[in-house]
Amino acid sequence: MASSDASEHRPHKLTKFFLTISIFITGISVLAAYATTMGAEYSIKKNDVQAESLTHLVKSQDWWSDYQAHKLREKIFQMEIDNLNITLNQSPATSTSASHQQQTLSKYQSYLSKLHADKSITDSIANLGDKAQTEQKLYEQSLIASSQNSKFVEAYDFATILLIIGAGLGGISEIAKNKLLGYPSLIVGGLGVIVLLLTTIMPSIL
């Protein structure tokens with residue numbers, strides 16, 4: 001009688017165990033789909049940020065090129081001003097070319113004054129330097145954002161793999177009615193759930 005009661009009780013336990021496995025498989029399959037979707041979204045974000053970072057890099061390089069060109073103009077204008085000042089100081093006051101040289105000097109001084117204006121003036125050295133630095137900072141921020149998105153993609157992909165493996169082991173366990181495969185399913189799938197929850201709820205850990 002005792003053996004008969006045990007044999008009747010055992011199938012009930014197995015049925016309950018595999019019912020739990022079946023529910024677990026359904027749950028982690030849904031979570032695997034969610035993790036896959038989130039991984040894809042962050043992958044798209046990463047690609048968009050990378051494209052944006054390249055735009056900022058190109059703009060930064062363009063502004064730095066303009067900045068260097070204007071710095072070169074500054075040196076040229078200053079040299080011309082110095083040469084004209086020397087010539088005017090050495091030339092007689094009655095020189096017929098003095099007036100023309102004075103006009104040329106005023107022109108170069110005006111050019112130099114525009115180059116030395118503050119950053120609110122377009123194409124001044126300060127303005128070009130500020131634009132170049134701004135684009136450089138945006139480029140660096142984009143790199144940080146891209147790196148962060150890559151971490152999210154890796155985390156969601158890792159969670160997806162664990163969840164899929166857990167669901168696969170659970171499915172085999174249910175079909176074969178093998179509890180030894182059911183426990184690894186719970187462990188691996190559970191790890192996948194933990195990784196997914198940490199990534200979603202506590203992204204700062206990445």
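This is a predicted model: local features need pLDDT of at least 70, side-chain atom pairs count only at pLDDT 80 or more; totals for chains, interfaces and linings use all residues.
Guide: A polar contact is a pair of N or O atoms within 3.5 Å; within protein, one must be able to donate a hydrogen and the other to accept it, and residues adjacent in sequence count only if both atoms are side-chain atoms. Residues are numbered from 1 along each chain as its sequence is written, and side-chain values use heavy atoms, with hydrogens and water left out.

Visitor: What makes the approach of the Ser-173 side chain to the backbone oxygen of Asn-178 a polar contact?

Guide: The side chain of Ser-173 reaches that backbone oxygen at 2.6 Å, and because the limit is 3.5 Å, the pair qualifies. Ser-173 itself lies in helix α3, where helices are DSSP runs (H or I) of at least four residues, numbered from the N terminus.

Visitor: Why is Ser-173 called buried?

Guide: Buried means under 20% relative accessible area, exposed over 50%, and partly exposed in between, with a 1.4 Å probe and protein chains only. Ser-173 has a relative accessibility of 0%, so it counts as buried. Leaving aside neighbours within four places in sequence, Ser-173 is in contact (heavy atoms within 4.5 Å) with Phe-18, Asn-178, Lys-179, Leu-181 and Gly-182. Of these, Phe-18 is 155 residues away in sequence, yet 8.0 Å away from C-alpha to C-alpha.

Visitor: What makes Asn-178 a cap for helix α4?

Guide: A side-chain oxygen of Asn-178 lies 2.8 Å from the backbone nitrogen of Leu-180, at the N-terminal end of α4.

Visitor: Why is the ring pair of Phe-17 and Tyr-183 called by the name it has?

Guide: Rings of Phe, Tyr and Trp (its six-membered ring) pair if their centres lie within 6.5 Å, and planes under 30 degrees apart count as stacked, over 60 as edge-to-face and the rest as tilted. The structure holds eight aromatic pairs. In the one formed by Phe-17 and Tyr-183, the centres are 5.2 Å apart and the planes stand at 55 degrees, so the pair is tilted. This pair links distant parts of the chain, with Phe-17 in helix α1 (residues 2-90) and Tyr-183 in α4, 166 residues apart. Phe-17 is buried because its relative accessible area is 13%, whereas Tyr-183, at 41%, counts as partly exposed. Ring pairs link these two residues and Phe-18 into a cluster.

Visitor: What makes Lys-179 a charge over the ring of Phe-17?

Guide: A charge sits over a ring if NZ of Lys or CZ of Arg is within 6 Å of the ring centre and within 35 degrees of the ring normal. Lys-179 lies over the face of Phe-17 at 5.1 Å from the ring centre, and Lys-177 lies over the face of Phe-18 at 5.0 Å, so both distances fall within the 6 Å limit.

Key. Helices (H or I, at least four residues) and strands (E, at least two) are DSSP runs, numbered from the N terminus.
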